[in-house]
Amino acid sequence: MYEIQWDKDTGGILLVDFKGNGIRSEVRPVFFEELDLLGFQRYWHYPQAKEPLLWAIGGRKYYYRGELVAEAEGGGLFSPPELKIHQPGLTLDPVDIEAVVAKNSALLQGLVQRSLKFIWQTYARHRKKVDVVAVAFSGGKDSIVTLDLVQRALEPDQFVVVFGDTGMEIRDTYRTVEAAKARWTHLTFHTAKSVKDARTTWREMGPPSRIHRWCCVVHKSAPTLLLLRQLAGKASVNALIFDGVRHEESASRSTYAEVTQGGKHKTQTNASPVISWNAGEVFLYLFSRRLLLNRAYRYGVMRVGCAICPMAARWWDTISWKVYQRDMEAFVDELRAYAASAGVSPQEIDRYLEEGSWKRRAGGRYLPGGGIRVIEQTEVGKVVFTLRQPTEDWQEWAKTLGRLARTGEDQGYIERGDTLYPYVMRRLNNSVVVEVDGLAYADRYARSAFHAVALKSAYCTHCQACQVECPTGALDTHGRVRIRDNCVACGLCLSLRGEACLTAKSLVTSEGGLKMSNSENKTLHAYEHFGMRKEWLTDFFLSLKDWVSRNSLGSRQFDAMAMWLKHAELTTGNLKSVVITDIGKKLAQLGIDSVITWAVIWTNLVRNSTPVQWYVTAVPWGATMTKAEWVAKIGESYPQSESTRKNAMTALFGLLTKTPLGNELGLGVESAPGKRTGGALYKKGWQKPEPVAILYSLYRYAEKTGRYDLTVHELYEGADEGPYTLFGVSQDTLKGILKGLSARGDGLIRTSIVRDLDNIFLDNTRKTIEVLDLV
């Protein structure tokens with residue numbers, strides 16, 4: 001609201017009308033506890049006073065009576081910051097708080113009166129429209145000021161105070177809550193808490209990250225609204241909530257309005273009395289009213305939040321671990337476990353946490369419940385949803401789509417608007433298949449709603465985030481999902497700020513691997529560290545269209561196999577929508593025991609799989625290498641982390657050792673059979689190659705180059721595909737195969753291999769798949 005300048009006389013700050021030359025960053029008082037914690041006692045002399053000793057701006061720059069005297073640089077979860085002392089040997093005197101308050105009294109009171117007026121007018125405007133009025137209390141400085149302002153403007157019986165206990169709070173926050181209750185004994189305090197403890201939700205939904213901030217909804221806003229429903233005695237509640245949000249806190253909050261209707265939840269209105277206040281004004285108000293202060297501020301934090309938070313700066317990590325390690329340990333243990341499952345080596349885990357790499361988690365890869373658990377396929381006139389390992393009954397969630405009528409145990413129809421959607425369910429060992437007739441012709445809104453129901457049925461962990469969106473109280477997710485008859489199919493529970501299900505969003509995995517940081521922008525496919533296996537492909541060939549629903553693979557194994565199938569060009573589409581290709585159907589007819597089947601798969605993998613691509617071009621024929629040597633060597637071409645490279649090479653090793661590709665085709669012969677990952681593989685080469693497989697690889701090479709007139713010579717001079725690169729076929733063997741194929745006279749290939757001529761002529765009007773008709 002006002003500009004802040006230094007006041008050298010008092011050692012404090014001074015509010016002035018805006019002139020453009022004041023302090024431009026957030027300002028905070030600095031107490032002796034912070035100085036002791038960071039080691040300033042080695043450079044300065046100061047008393048252990050109750051009052052602040054100096055000020056900091058931007059969190060890390062320390063000012064004493066208007067002069068920059070020190071800076072703190074670096075630091076992280078396990079390492080302290082480095083102190084840069086500009087004025088050693090200082091003797092610090094406490095800030096004269098009484099004088100600071102007196103000098104700022106006039107301007108501060110004007111600010112306060114404006115906020116008090118705002119609170120009363122907002123309350124008066126909404127009191128007949130809402131069921132309950134509450135103050136959101138977090139134990140931080142902004143919520144303390146907000147609470148004091150509201151209790152000055154309103155009567156005690158006109159509002160309640162709600163502390164949102166996330167289960168991840170620091171101990172000083174709980175002490176602050178108790179101190180608040182002791183100060184304002186005339187107010188009614190309540191605690192809102194999720195029915196699930198935080199560690200459980202971390203395990204079910206994955207650690208929160210800057211992309212997946214499910215924790216704020218699940219552990220704060222949803223429990224608060226559910227509590228307010230109980231207090232109002234209503235199944236759904238319209239609430240006016242006064243909060244301590246301020247523009248200065250972040251770029252995103254800088255755009256917030258003073259009053260926001262439905263910003264967090266449809267039935268919730270948020271009012272922010274101190275939204276335009278700066279941090280200096282907040283502290284001045286605290287000092288002027290002699291209000292309690294969360295002790296965490298005395299240790300140097302900018303804002304008080306959860307003990308460990310993906311949105312927290314490294315400064316918070318530093319202070320929090322030093323002071324509140326006991327409050328963090330359980331969650332740090334969860335992060336260590338996640339890092340280990342992601343392939344981070346034990347000696348690298350602390351650095352992984354220190355650098356905040358966990359905060360960038362984008363999906364469910366490496367999580368026990370992670371993976372694609374909903375596959376959507378479109379057939380003639382209908383859409384088929386396969387729910388892998390669903391956690392809830394699809395027919396119960398489907399009631400949110402419209403009127404559901406059952407015509408049998410697992411069949412019925414859904415009346416949505418003027419349209420009927422008949423459905424049939426099939427329950428298999430690990431999955432449920434739902435076929436919805438007519439949905440293929442529906443608009444995108446209906447398709448999206450049905451897909452949302454599929455996601456909720458597959459992933460629901462009863463976090464209650466969607467329950468608070470229900471305007472009629474028809475949805476109950478406690479224990480098991482129940483949709484009562486008063487559901488109006490409004491769809492609010494199916495779209496939580498654009499997401500169907502917070503758990504699904506957090507656990508779903510994307511295709512591909514990690515992007516390279518080079519101009520090619522390729523990815524290193526890691527396949528969840530699983531290689532394709534012969535028995536998995538057998539199951540696929542036997543099931544084909546029904547494989548998605550009938551396979552018994554775990555989530556991560558399924559994701560890996562689905563990606564192998566796509567890269568082998570046996571399927572198309574993405575991991576959420578698997579379609580069998582003509583090549584897939586053709587190879588299923590050839591059978592799992594045909595070496596041609598495996599040769600075609602290898603040829604296609606070389607085109608699409610980066611680990612296989614690397615292997616055929618970087619590992620020479622005749623070489624014997626261990627997986628560890630692969631991991632080191634691929635680092636020359638792919639600058640990903642060691643854990644990512646290790647996962648990719650583990651998948652490649654599995655592909656060669658658990659299918660005929662390795663030993664039968666000679667692409668990676670085990671030198672120490674039976675060892676899971678420790679043995680070396682000998683890149684021997686295919687000793688008795690099948691002519692049809694060789695011709696198939698030639699047509700693939702022609703497709704890539706755009707040339708159907710080739711020479712034998714070019715195939716041995718650095719070609720990144722072709723019979724030699726793919727299979728290690730010698731020139732003499734290849735020439736013999738080509739002559740034999742040409743002699744068939746079917747027009748697929750002609751050769752002129754005599755004396756100095758080694759020409760190969762393919763038919764550019766023929767498709768590669770036609771080669772397989774020769775079998």
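# Close-up views of a predicted chain

**Figure 1. The whole chain, before we zoom in.** The accessible surface of the chain comes to about 32100 Å², and 47% of that belongs to carbon and sulfur atoms. Keep in mind that this is a predicted model. Boxed along its principal axes, the chain's C-alpha atoms fill roughly 105 × 75 × 45 Å. If you like counting elements, the chain has 25 helices and 31 strands. Of its 775 residues, 56% count as buried. Now look at the contacts in the chain with a separation of 6 or more: 67% of them come from residues 24 or more positions apart.

Figure 2. Strand 4 (residues 54-57) and strand 5 (residues 61-64) are antiparallel partners, paired over 3 bridges. W55, for its part, stands opposite Y63 in strand 5. There are 3 residues between the two strands of this hairpin, and G58 in the turn has a positive phi of about 65 degrees. While you are here, remember a handy rule: in a regular strand, side chains alternate between the two faces of the sheet.

**Figure 3. The next hairpin along, strand 5 and strand 6.** Strand 5 also pairs with strand 6 (residues 67-73), again in the antiparallel sense, over 4 bridges. Here Y64 stands opposite E67 in strand 6. The hairpin has 2 residues between its strands, and R65 takes a positive phi near 50 degrees.

**Figure 4. L54 and the largest nonpolar core.** This core has 167 residues, and the ones touching the most other members are W44, L54, Y62, L228 and W394. Helix 8 gives the most to this core, with 12 residues. What does L54 touch, once we leave aside its neighbours within four places in sequence? Its contacts are R28, P29, V30, L35, W44, Y62, Y63, Y64, V69, L92 and V95. Apart from this core lies another one, of 87 residues, and its members include I372, I592, V612 and L772.

**Figure 5. Helix 18 and its packing partners.** In helix 18 (residues 610-618), the buried residues are T610, P611, V612, W614, Y615 and V616. V612 is also among the members of the core of 87 residues. Together, the buried residues of helix 18 pack against quite a list: strand 23, helix 15 (555-567), helix 17 (595-608), helix 19 (627-634), helix 20 (642-657) and helix 24 (723-727).

Figure 6. The closest N and O atoms of R290 and E98 are 3.0 Å apart.

Figure 7. The side chains of E528 and R365 meet at 3.1 Å, N to O. E528 lies in the loop between strand 23 (523-524) and helix 13 (534-543), and R365 in the loop between helix 9 (349-354) and strand 14 (374-379), so the pair ties together parts 163 residues apart in sequence. Why does E528 count as buried? Because its relative accessibility is 4%, and buried means under 20%. R365 is buried too, with a relative accessible area of 17%.

**Figure 8. Strand to strand, E435 with K382.** In this salt bridge the closest N and O atoms are 2.9 Å apart. E435 belongs to strand 19 (residues 431-437) and K382 to strand 15 (residues 382-388), and the two residues are 53 residues apart. K382 counts as buried because its relative accessibility is 18%.

**Figure 9. A network of salt bridges.** Here E26, K141, D142, R246, E248, E249 and R303 are linked together through salt bridges.

Technical notes
Residues are numbered from 1 along each chain as its sequence is written. This is a predicted model: local features need pLDDT of at least 70, side-chain atom pairs count only at pLDDT 80 or more; totals for chains, interfaces and linings use all residues. Side-chain values use heavy atoms; hydrogens and water are left out. Two strands pair if DSSP finds at least two bridges between them. A salt bridge is a side-chain nitrogen of Lys or Arg within 4 Å of a carboxyl oxygen of Asp or Glu. Buried means under 20% relative accessible area, exposed over 50%, partly exposed in between (1.4 Å probe, protein chains only). A nonpolar core is a set of buried Ala, Val, Leu, Ile, Met, Phe, Trp, Tyr and Cys residues joined through side-chain atoms within 4.5 Å. Contact means heavy atoms within 4.5 Å. Accessible areas come from the Shrake-Rupley method with a 1.4 Å probe; for residues, only the protein chains shown count as cover.
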